Every structure is written in C-alpha cells, then in structure tokens.
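Colleague: I have the coordinates open and would like to go through a few residues with you. Could we start once the structure is on the screen?
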Amino acid sequence: VIEDRDKWNQTYHNQPPKRGTSPIVERFSGLATGRVALDVACGQGSNAKYLADEGFTVDAVDISIEGLKSLKEHAPQVRSLCVDLDVFDIPASRYDLIINIRYLNRRLVPQMIEGLRPGGVLIFETYLLTGEEDRRRFRKDYLLRENELLHLFLPLRILFYEERSEPSESTPGTVASLVAMKPTFR
Ligand SMILES: C[S@@+](CC[C@H](N)C(=O)[O-])C[C@H]1O[C@@H](n2cnc3c(N)ncnc32)[C@H](O)[C@@H]1O
C-alpha cells in the first residue's frame with residue numbers, strides 16, 4: 001500500500017533505530033535448529049541484526065527503503081530486500097526461523113507455514129483490536145482479533161501463546177505473541 005510505504009519512509013527518515021531487539025526474539029530464536037532466517041517487515045532491522053549476530057543467515061524484507069538503509073548501515077551482512085508484502089511471495093521450505101514482529105498481513109500466513117523447513121520455528125507478535133478506541137484510531141485490517149493468531153497457525157505445533165496489555169500512547173494497547181514449530185512429519 002503506497003500510503004504505508006510513504007508513512008514508514010517518513011518515520012524512519014533520519015531517525016536512529018528506535019526499537020531494540022524484541023524480547024520474544026531474544027527468548028525463542030535459539031529454538032531454531034538451522035541457521036537460515038527471514039524477518040518479515042523488518043523495519044530498521046534491529047531483530048534482523050540480532051539474528052545475524054547470533055549466527056543466522058538473514059533475509060529481511062520491508063517496503064520502506066529508509067528502514068532498510070538504516071539496517072544496511074548497522075548490519076551489512078543481512079540480505080535486505082525492498083518489497084511490497086501485498087505481492088511478494090515467501091519461498092517454500094527455505095527457512096529455519098521466520099519472525100514477524102508488529103506487522104500483519106493475513107495473505108502471508110499459508111506462505112509462512114510453507115516457507116518453514118520441517119522443524120523450523122515461527123515467532124509472530126503484533127497488535128490486537130480490543131476496544132472501540134482502537135477501532136477509531138487504527139486500521140482494523142492491521143489488527144488481530146482475540147485468539148485469531150492462535151487459529152491462524154494451528155497447522156503448526158504451538159509452543160507459546162499469549163495476549164497481554166501493553167499500554168502506549170501511539171500503538172494499540174494489546175499485543176498477541178505466538179511461537180510455533182513446523183512438525184517434522186505430517
Ligand atoms: C510497526 S513496523 C515494525 C517493524 C519491525 N518489524 C519492528 O518490530 O521494529 C511495521 C513495518 O511494516 C512495514 N510494512 C508496512 N506495509 C508493508 C508492505 N505492504 N510490504 C512490506 N512492508 C510493509 C513498514 O515499512 C514497517 O517497517
């Protein structure tokens with residue numbers, strides 16, 4: 001979506017990376033047994049950089065060239081791609097780890113499942129639509145419903161799931177987190 005691209009380019013322009021590594025990525029990325037990772041909607045790439053520092057070979061994709069510029073500066077070893085995830089397809093059976101933090105694109109759900117190698121790990125965390133206020137302030141399509149994330153990834157083995165409040169002025173106040181593994185046989 002063009003407005004999203006422009007909005008995020010503006011946000012990231014001349015702004016040092018704001019967000020540190022996500023605690024859920026630090027906590028669970030070690031579950032991956034192989035070392036090929038994908039960061040979906042990586043933004044300025046602090047998680048992608050963390051994974052690269054942990055020894056992963058990382059592909060990182062985002063629509064914002066400004067975010068990717070900052071990632072290239074801080075982690076040149078990450079393979080970054082400027083793509084529109086409304087049309088980009090995740091390659092099948094390639095990744096030992098896929099992370100998706102603070103972004104929602106339901107079209108990609110089956111592709112994420114297919115994109116994992118058997119035994120591969122998914123770490124997914126983003127905002128929930130909980131109240132009237134969220135309904136007015138944020139685009140509803142970009143917010144999860146209660147328990148939706150859990151349902152989306154039921155073909156995987158769910159290792160961790162929670163919905164928690166995270167009070168903030170600028171983002172919706174509830175976050176859902178999921179960690180799941182692709183079964184080694186089906
Ligand atoms: C809230 S930020 C999260 C960034 C990063 N995952 C993090 O946790 O810091 C959402 C990201 O989604 C990206 N994005 C939004 N729409 C996109 C699209 N259609 N294709 C690719 N990236 C998109 C934005 O550029 C932005 O970097």
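Colleague: Is Thr-174 buried or exposed?
Modeller: Please bear in mind that this is a predicted model. Thr-174 has a relative accessible area of 13%, so it counts as buried, the limit being under 20%.

Colleague: Where is Thr-174 found?
Modeller: Thr-174 belongs to strand 7, which covers residues 174–181.

Colleague: Which side chain does the side chain of Thr-174 join in a polar contact?
Modeller: That of Thr-130, at 3.3 Å. Beyond four places in sequence, Thr-174 also touches other residues, including Thr-126, Tyr-127, Leu-128, Arg-164, Ser-165 and Glu-166.

Colleague: Let us turn to the ligand. How many residues surround the ligand, and which are the closest?
Modeller: There are 18 residues around the ligand, and the closest are Tyr-12, Ala-41, Asp-62, Leu-85 and Ile-101. Helix 1 contributes the most to this shell, with three residues.

Colleague: Which polar side-chain atom lies 2.9 Å from a nitrogen atom of the ligand?
Modeller: One belonging to Asp-84. The backbone takes part as well: a polar backbone atom of Leu-85 is 2.8 Å from a ligand nitrogen, and a backbone N or O atom of Ile-63 lies 3.1 Å from a ligand nitrogen.

Colleague: And how much of the accessible area of the ligand does the protein cover?
Modeller: On its own the ligand has 600 Å² of accessible area, of which the protein covers 94%. The space taken by the ligand is the largest pocket.

Colleague: Next, Asp-96. Is Asp-96 buried or exposed?
Modeller: Asp-96 is found in strand 4. Its relative accessibility is 9%, so it is counted as buried.

Colleague: What lies 3.0 Å from a polar atom of the side chain of Asp-96?
Modeller: The backbone nitrogen of Arg-35. Leaving out residues up to four places away in sequence, Asp-96 touches Ala-32, Gly-34, Arg-35 and Val-36, and also Leu-116, Arg-117, Gly-120 and Val-121.

Colleague: Helix 3 has come up already. Which of the residues in helix 3 are buried?
Modeller: Asn-47, Ala-48, Tyr-50, Leu-51 and Ala-52 are buried in helix 3. The partners of these buried residues are helix 2 (23–28), strand 1 (36–40), strand 2, helix 4 and strand 4. Gly-55 follows helix 3 and has a positive phi, near 100 degrees.

Colleague: Where is Gln-77, and which residues does Gln-77 touch?
Modeller: Gln-77 is in the loop between helix 4 and strand 3. Not counting residues up to four places away in sequence, Gln-77 touches Ala-52 and Asp-53. The C-alpha atoms of Gln-77 and Asp-53 are 9.4 Å apart, and the two residues are 24 residues apart in sequence. With a relative accessible area of 49%, Gln-77 is partly exposed.

Colleague: One last topic, backbone angles. What is the phi of Ser-93?
Modeller: Ser-93 has a positive phi of about 50 degrees, although it is not a glycine. Most residues other than glycine have a negative phi. Ser-93 lies in the loop between strand 3 and strand 4 (95–101), and at 43% relative accessibility it is partly exposed.

Colleague: And what is the phi of Asn-147?
Modeller: Asn-147, also not a glycine, has a positive phi of about 65 degrees. Its place is in the loop between helix 6 (132–137) and helix 7 (148–152). Asn-147 counts as partly exposed, at 38% relative accessibility.

Terms used
Residues numbered from 1 in each chain as written. Predicted model: local features only at pLDDT ≥ 70, side-chain atom pairs only at ≥ 80, totals over all residues. Heavy atoms only, no water. Helix = DSSP H or I, 4+ residues; strand = E, 2+ residues; numbered from the N terminus. Buried < 20%, exposed > 50% of the residue type's maximum accessible area, 1.4 Å probe, protein only. Polar contact = N/O pair within 3.5 Å; in protein donor to acceptor, adjacent residues only side chain to side chain. Contact = heavy atoms within 4.5 Å. Near = heavy atom within 4 Å. Areas by Shrake-Rupley, 256 points an atom, 1.4 Å probe, with all protein chains shown as cover. 1 Å grid on protein atoms, 1.4 Å probe; cavity = no way out; pocket = protein on both sides within 12 Å on 5 of 7 lines; lining within 4 Å. Sits in = over half its atoms within 2 Å of the grid points.
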